[in-house]
Amino acid sequence: MKVAQLANKLGVSADTVRFYTRIGLLNPSKSPNNGYKTFNHKDMVRMQFILSARNLGFSVEDIKVIFSKTDLGDSACQLVRELIKVKLLETEQQFNEMVQLRSKLSKAIQDWSQMPDNIPTGNMICHLIENTNQEDIVSEELGVPHYVDKDSMEIK
(Lines give C-alpha, C1' and ligand atoms only; values in the text may rest on other atoms or scores of the structure.)
Protein backbone atom coordinates (compact mmCIF):
# COMPACT_ATOMS: atom_id res chain seq x y z
CA MET A 1 0.00 0.00 0.00
CA LYS A 2 1.11 3.58 -0.61
CA VAL A 3 1.57 6.34 1.96
CA ALA A 4 -1.97 7.71 1.56
CA GLN A 5 -3.51 4.24 1.86
CA LEU A 6 -1.66 3.47 5.08
CA ALA A 7 -2.53 6.90 6.46
CA ASN A 8 -6.22 6.44 5.64
CA LYS A 9 -6.35 2.97 7.23
CA LEU A 10 -4.91 4.34 10.47
CA GLY A 11 -6.70 7.69 10.49
CA VAL A 12 -3.58 9.83 10.31
CA SER A 13 -2.17 12.20 7.74
CA ALA A 14 0.21 11.12 5.02
CA ASP A 15 2.71 13.57 6.54
CA THR A 16 2.59 11.60 9.79
CA VAL A 17 3.48 8.40 7.94
CA ARG A 18 6.23 10.23 6.03
CA PHE A 19 7.64 11.63 9.29
CA TYR A 20 7.99 8.22 10.94
CA THR A 21 9.45 6.88 7.70
CA ARG A 22 11.97 9.73 7.49
CA ILE A 23 13.22 9.13 11.05
CA GLY A 24 13.57 5.40 10.41
CA LEU A 25 10.72 3.91 12.45
CA LEU A 26 9.05 2.64 9.29
CA ASN A 27 11.03 0.97 6.55
CA PRO A 28 8.91 0.58 3.42
CA SER A 29 10.23 -0.98 0.25
CA LYS A 30 10.86 1.28 -2.70
CA SER A 31 9.60 0.45 -6.18
CA PRO A 32 12.46 0.32 -8.69
CA ASN A 33 10.04 1.40 -11.45
CA ASN A 34 8.63 4.62 -10.03
CA GLY A 35 10.39 5.16 -6.68
CA TYR A 36 7.12 5.00 -4.71
CA LYS A 37 7.38 3.66 -1.19
CA THR A 38 5.27 0.59 -0.56
CA PHE A 39 4.15 -0.25 2.95
CA ASN A 40 3.31 -3.81 3.98
CA HIS A 41 1.36 -5.31 6.87
CA LYS A 42 4.42 -5.15 9.16
CA ASP A 43 4.70 -1.40 8.51
CA MET A 44 1.02 -0.99 9.36
CA VAL A 45 1.50 -2.91 12.64
CA ARG A 46 4.55 -0.79 13.50
CA MET A 47 2.68 2.43 12.68
CA GLN A 48 -0.25 1.37 14.88
CA PHE A 49 2.22 0.60 17.68
CA ILE A 50 3.84 4.02 17.24
CA LEU A 51 0.46 5.74 17.48
CA SER A 52 -0.51 3.75 20.58
CA ALA A 53 2.85 4.40 22.24
CA ARG A 54 2.71 8.13 21.46
CA ASN A 55 -0.82 8.20 22.89
CA LEU A 56 0.61 6.83 26.15
CA GLY A 57 3.28 9.54 26.22
CA PHE A 58 6.23 7.54 24.90
CA SER A 59 8.76 9.68 23.06
CA VAL A 60 10.13 8.93 19.62
CA GLU A 61 13.41 8.02 21.33
CA ASP A 62 11.58 5.59 23.62
CA ILE A 63 9.99 3.95 20.59
CA LYS A 64 13.36 3.69 18.84
CA VAL A 65 14.78 1.89 21.89
CA ILE A 66 11.78 -0.45 22.00
CA PHE A 67 12.15 -1.25 18.28
CA SER A 68 15.88 -1.80 18.70
CA LYS A 69 15.03 -4.69 21.04
CA THR A 70 12.13 -6.14 19.09
CA ASP A 71 13.95 -5.89 15.76
CA LEU A 72 16.55 -8.25 17.26
CA GLY A 73 13.80 -10.66 18.32
CA ASP A 74 13.98 -9.71 22.01
CA SER A 75 10.98 -8.89 24.15
CA ALA A 76 10.61 -5.23 25.02
CA CYS A 77 7.92 -5.79 27.64
CA GLN A 78 10.17 -5.32 30.68
CA LEU A 79 11.60 -2.16 29.16
CA VAL A 80 8.08 -0.90 28.41
CA ARG A 81 7.04 -1.56 32.01
CA GLU A 82 10.02 0.43 33.29
CA LEU A 83 9.41 3.29 30.86
CA ILE A 84 5.71 3.53 31.71
CA LYS A 85 6.54 3.72 35.43
CA VAL A 86 8.85 6.65 34.73
CA LYS A 87 6.14 8.27 32.57
CA LEU A 88 3.65 7.93 35.41
CA LEU A 89 6.04 9.56 37.91
CA GLU A 90 6.73 12.39 35.45
CA THR A 91 3.01 12.84 34.83
CA GLU A 92 2.24 12.93 38.54
CA GLN A 93 4.92 15.57 39.05
CA GLN A 94 3.54 17.65 36.17
CA PHE A 95 0.03 17.22 37.54
CA ASN A 96 1.12 18.45 40.98
CA GLU A 97 2.85 21.43 39.39
CA MET A 98 -0.34 22.22 37.45
CA VAL A 99 -2.42 21.97 40.64
CA GLN A 100 -0.04 24.45 42.29
CA LEU A 101 -0.24 26.76 39.27
CA ARG A 102 -4.05 26.52 39.29
CA SER A 103 -4.04 27.51 42.95
CA LYS A 104 -1.79 30.51 42.20
CA LEU A 105 -4.02 31.57 39.32
CA SER A 106 -7.17 31.30 41.42
CA LYS A 107 -5.55 33.28 44.23
CA ALA A 108 -4.40 35.93 41.74
CA ILE A 109 -7.93 36.31 40.38
CA GLN A 110 -9.30 36.71 43.87
CA ASP A 111 -6.56 39.08 45.09
CA TRP A 112 -6.42 41.17 41.93
CA SER A 113 -10.16 41.79 41.83
CA GLN A 114 -9.76 44.05 44.91
CA MET A 115 -6.64 45.90 43.68
CA PRO A 116 -6.60 49.18 41.79
CA ASP A 117 -5.48 49.65 38.19
CA ASN A 118 -2.18 51.50 38.60
CA ILE A 119 -0.56 53.48 35.83
CA PRO A 120 2.89 52.18 34.78
CA THR A 121 5.93 54.04 36.06
CA GLY A 122 9.62 53.76 35.30
CA ASN A 123 9.86 51.16 38.07
CA MET A 124 6.63 49.27 37.42
CA ILE A 125 4.77 47.89 34.42
CA CYS A 126 1.83 46.15 36.09
CA HIS A 127 1.85 45.95 39.86
CA LEU A 128 -0.46 42.96 39.86
CA ILE A 129 2.12 40.65 38.33
CA GLU A 130 5.11 42.33 39.92
CA ASN A 131 3.66 42.03 43.42
CA THR A 132 2.80 38.40 42.76
CA ASN A 133 6.42 37.65 41.89
CA GLN A 134 7.65 39.36 45.05
CA GLU A 135 5.01 37.52 47.06
CA ASP A 136 6.31 34.20 45.76
CA ILE A 137 9.91 35.10 46.67
CA VAL A 138 8.98 36.17 50.20
CA SER A 139 6.63 33.21 50.62
CA GLU A 140 9.42 30.82 49.73
CA GLU A 141 11.79 32.52 52.16
CA LEU A 142 9.32 32.65 55.02
CA GLY A 143 7.34 29.52 54.22
CA VAL A 144 4.02 31.40 54.47
CA PRO A 145 2.14 33.60 52.02
CA HIS A 146 2.53 37.36 52.41
CA TYR A 147 1.77 40.43 50.34
CA VAL A 148 4.73 42.64 49.47
CA ASP A 149 4.26 46.34 48.77
CA LYS A 150 6.35 46.80 45.62
CA ASP A 151 7.26 50.44 46.28
CA SER A 152 8.33 50.06 49.88
CA MET A 153 9.17 46.33 49.70
CA GLU A 154 7.36 46.11 53.02
CA ILE A 155 5.81 42.73 53.94
CA LYS A 156 2.14 42.99 54.79
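At what angle do helix 1 and helix 3 pack, and how far apart are their axes? In this predicted model, the two helices meet at an angle of about 50°, and their axes lie 11 Å apart.

## Packing of helix 1 and helix 3

Helix 1 contributes L6, K9 and L10 to the contact, while helix 3 contributes M44, M47, Q48 and L51. Sorted by class, the residues of this contact are five nonpolar, one polar and one charged.

## Nonpolar core

The largest nonpolar core has 23 residues, of which V17, Y20, L25, L26, M47, I50 and I63 touch the most other members. At least two residues of this core come from each of helix 1 (3-10), helix 2 (14-22), helix 3 (41-55), helix 4 (60-70) and helix 5 (77-112). In soluble globular proteins, nonpolar side chains tend to be buried together.

L25 is one of the core members named above. Leaving aside residues up to four places away in sequence, L25 touches Y20, R46, I50, V60, I63, K64 and F67. M47 belongs to the core and also takes part in the contact of helix 3 with helix 1.

## Overall organisation

The protein chain contains six helices and four strands, arranged along the sequence as α-α-β-β-α-α-α-α-β-β. Of its 156 residues, 27% are buried. Among contacts between residues at least 6 apart in sequence, 35% link residues at least 24 apart.

Definitions and conventions
Residues numbered from 1 in each chain as written. Predicted model: local features only at pLDDT ≥ 70, side-chain atom pairs only at ≥ 80, totals over all residues. Heavy atoms only, no water. Core = buried A, V, L, I, M, F, W, Y, C linked by side-chain atoms within 4.5 Å. Buried < 20%, exposed > 50% of the residue type's maximum accessible area, 1.4 Å probe, protein only. Contact = heavy atoms within 4.5 Å. Axes fitted to C-alpha atoms, helices over the stretch in contact; angles between N-to-C directions. Nonpolar A, V, L, I, M, F, W, Y, C, P; charged D, E, K, R; others polar.
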